Amino acid sequence: MEAYLFYIMAAVSVGAAVYLIFEKNPVHSALYLIMTLISIAVLYILLEAQFIAAVQIIVYAGAIMVLFLFVIMLLNLNVREEIKDVLLFQKIPAIIMGILLFLTICLILKSRFLQGKQGEYTSTYINTIGNTKLIGNLLFTDYLLPFELTSILLFVAAIGVIILAKRKL
Amino acid sequence: MVTLTHYLVLSAILFTLGVVGVMIRRNAIIIFMCIELMLNAVNLSFVSFAHFLNSMHGQMFVFFTMTVAAAEAAVGLAIIVAIFRNKETVNIDDMNIMKW
């Protein structure tokens with residue numbers, strides 16, 4: 001059952017990512033990206049990361065992609081924008097390079113560097129306490145400084161967006 | 001039985017598709033979406049490592065990556081809107097003012 005779900009979701013995410021790359025209309029690309037993000041969220045649930053799956057759907061598929069669609073709508077892009085493609089000869093080398101990159105990553109995966117130390121958070125331990133509660137505990141103990149820095153990052157980003165969006169730049 | 005390698009290969013496929021998308025597309029917004037796809041591929045490998053190594057720290061890092069991605073998306077889209085106001089295009093071949 002779990003294996004079937006993995007293969008279905010992997011196929012959906014890869015297929016939607018391929019359509020995202022080759023789709024001419026930016027709105028369709030954004031919708032295919034949402035499809036990829038939601039199938040990755042299902043994979044997170046399979047990996048027992050329920051909190052991350054919920055955040056994936058709320059933040060990525062909700063907030064960030066709405067922002068993308070809003071900007072696409074605001075700029076009113078039309079499809080003929082990409083027809084005057086001056087770098088047509090770049091496509092085939094790019095795809096070949098992509099295949100080479102994938103083979104390189106697979107070579108690294110086949111090597112034995114990926115053996116890590118087993119941690120203490122086993123599946124039964126996480127299920128007795130709860131995934132979200134554990135993340136909250138870690139966030140306010142071990143990861144307190146990065147958490148605070150993240151708030152500063154978001155603050156700076158908000159100020160930057162307000163300045164960039166001003167009428168006279 | 002789905003192992004760690006399955007998830008890592010899926011993550012590698014998604015990352016490669018993102019790289020190819022950045023190289024073959026000319027529309028700045030679609031390039032931006034491909035960068036988001038690459039970030040998600042890396043997040044997937046973080047979570048699968050965390051699950052198969054019985055650790056929680058991978059999930060914490062995914063949390064921080066998502067925050068950075070949200071900030072990056074907001075600032076990047078604002079930059080794209082600002083460029084569009086000046087040049088009336090989002091085709092990156094037309095943004096060559098720093099090339100000499």
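Which residues does A:Leu20 touch, not counting residues up to four places away in sequence?

**Figure 1. Surroundings of A:Leu20 in the predicted model.** Not counting residues up to four places away in sequence, A:Leu20 touches A:Ser29, A:Tyr32, A:Leu33 and A:Thr36, together with B:Gly21, B:Met33 and B:Leu37. Contact requires C-beta atoms, placed from the backbone, within 7 Å. In this predicted model, local features need pLDDT of at least 70 and side-chain atom pairs count only at pLDDT 80 or more, while totals for chains, interfaces and linings use all residues. Residues are numbered from 1 along each chain as its sequence is written, and chains are lettered from A and ligands numbered from 1 in the order in which they are written.

**Figure 2. Helix 1 of chain A beside helix 1 of chain B.** The two axes (lines fitted to C-alpha atoms over the stretch in contact, with angles from 0 to 180 degrees between N-to-C directions) come within 9 Å and cross at roughly 5°. The helices are therefore roughly parallel, a class for angles under 35 degrees. Helices are DSSP runs (H or I, at least four residues), numbered from the N terminus. Among the residues that meet are A:Phe6, A:Val14 and A:Ile21 from chain A, and B:His6, B:Leu14 and B:Ile24 from chain B.

**Figure 3. The side of chain B that touches chain A.** Here 59 residues of chain B are in contact with 70 residues of chain A. Helix 1 (4-24), helix 2 (28-52) and helix 3 (57-87) of chain B each give two or more residues to this side. Its largest share, 20 residues, comes from helix 3 of chain B.

How values were computed:
Two residues are in contact if their C-beta atoms, placed from the backbone, lie within 7 Å. Angles under 35 degrees count as roughly parallel, over 145 as roughly antiparallel, 65 to 115 as roughly perpendicular and the rest as oblique.
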